[in-house]
Amino acid sequence: MTLAQAALGHRSFTTQALLVLSGSVALGLLSQVEVPMVPVPMSLQTLGVTLIGLTFGARLAALTVLAYLAQGAAGLPVFSGGDAGAHHLVGPTAGFLWGFVAMAWLTGWLAERGFDGGLLRLFAASTIPAALLYVPGVAWLHLAFGLDLSAAVAAGALPFLLGDAVKCAISAVTVAGGWKALGAARR
């Protein structure tokens with residue numbers, strides 16, 4: 001059971017649609033908090049994706065990220081720096097953007113399989129998908145933009161390792177706190 005299921009109980013279609021909408025909006029807002037870097041800016045997008053996965057579960061989290069990508073492609077300013085447009089889905093950040101869907105799904109899948117209990121398990125459920133996000137991100141930079149593999153790793157992975165570890169810790173602490181608050185509220 002995910003945190004959203006525990007907090008909301010039975011999820012009707014309307015409830016699920018509202019979760020997707022609110023999650024995609026939250027992800028769009030977190031995307032605006034960024035540290036400019038080349039070729040890929042560091043933002044709080046991965047924190048948002050992880051929190052959505054840990055709280056919504058696999059399918060709903062992946063759907064939420066797909067909604068976010070569709071919003072950005074349709075012209076809403078949800079991508080980093082308030083940017084928008086379908087060209088982002090094939091630009092330098094495309095490997096990461098599409099990788100967010102798999103990251104959200106895997107994070108949610110791990111949460112649904114018992115990795116949502118306890119701080120260390122939550123940290124693992126955050127860290128494993130975050131680490132795997134580098135695969136499509138770096139591969140896209142290498143294959144689509146002609147960077148040799150070491151340059152792609154240097155541009156698309158190395159600068160972000162520490163920040164991503166911190167974001168994984170923040171997400172684990174946040175969701176653990178959510179479970180604790182939910183438990184206290186039910187007493």
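**View 1. One cavity of 30 Å³ or more turns up in the structure.** This is a predicted model, where local features need pLDDT of at least 70, side-chain atom pairs count only at pLDDT 80 or more, and totals for chains, interfaces and linings use all residues. Residues are numbered from 1 along each chain as its sequence is written, and side-chain values use heavy atoms, leaving out hydrogens and water. A cavity here is a set of points on a 1 Å grid over the protein atoms alone where a 1.4 Å probe fits but cannot get out; its volume is the space filled by probe spheres set on the points, which are joined across faces, edges and corners.

View 2. Lining residues have an atom within 4 Å of a point, and among them are Thr46, Met103, Asp164 and Lys167. Helices are DSSP runs of H or I, at least four residues, numbered from the N terminus.

**View 3. Ala6 in helix α1 (residues 3–8).** Ala6 counts as buried because its relative accessibility is 2%, and buried means under 20% relative accessible area (1.4 Å probe, protein chains only). Its C-alpha sits 9.5 Å from that of Thr55, 49 residues apart along the chain.

**View 4. Leu21 in helix α2 (residues 13–30).** Leu21 is partly exposed at 47% relative accessible area, a class running between buried and exposed (over 50%).

Conventions:
Helices (H or I, at least four residues) and strands (E, at least two) are DSSP runs, numbered from the N terminus. On a 1 Å grid over the protein atoms alone, a cavity is a set of points where a 1.4 Å probe fits but cannot get out, and a pocket is an open set with protein on both sides within 12 Å along at least five of seven lines; lining residues have an atom within 4 Å of a point.
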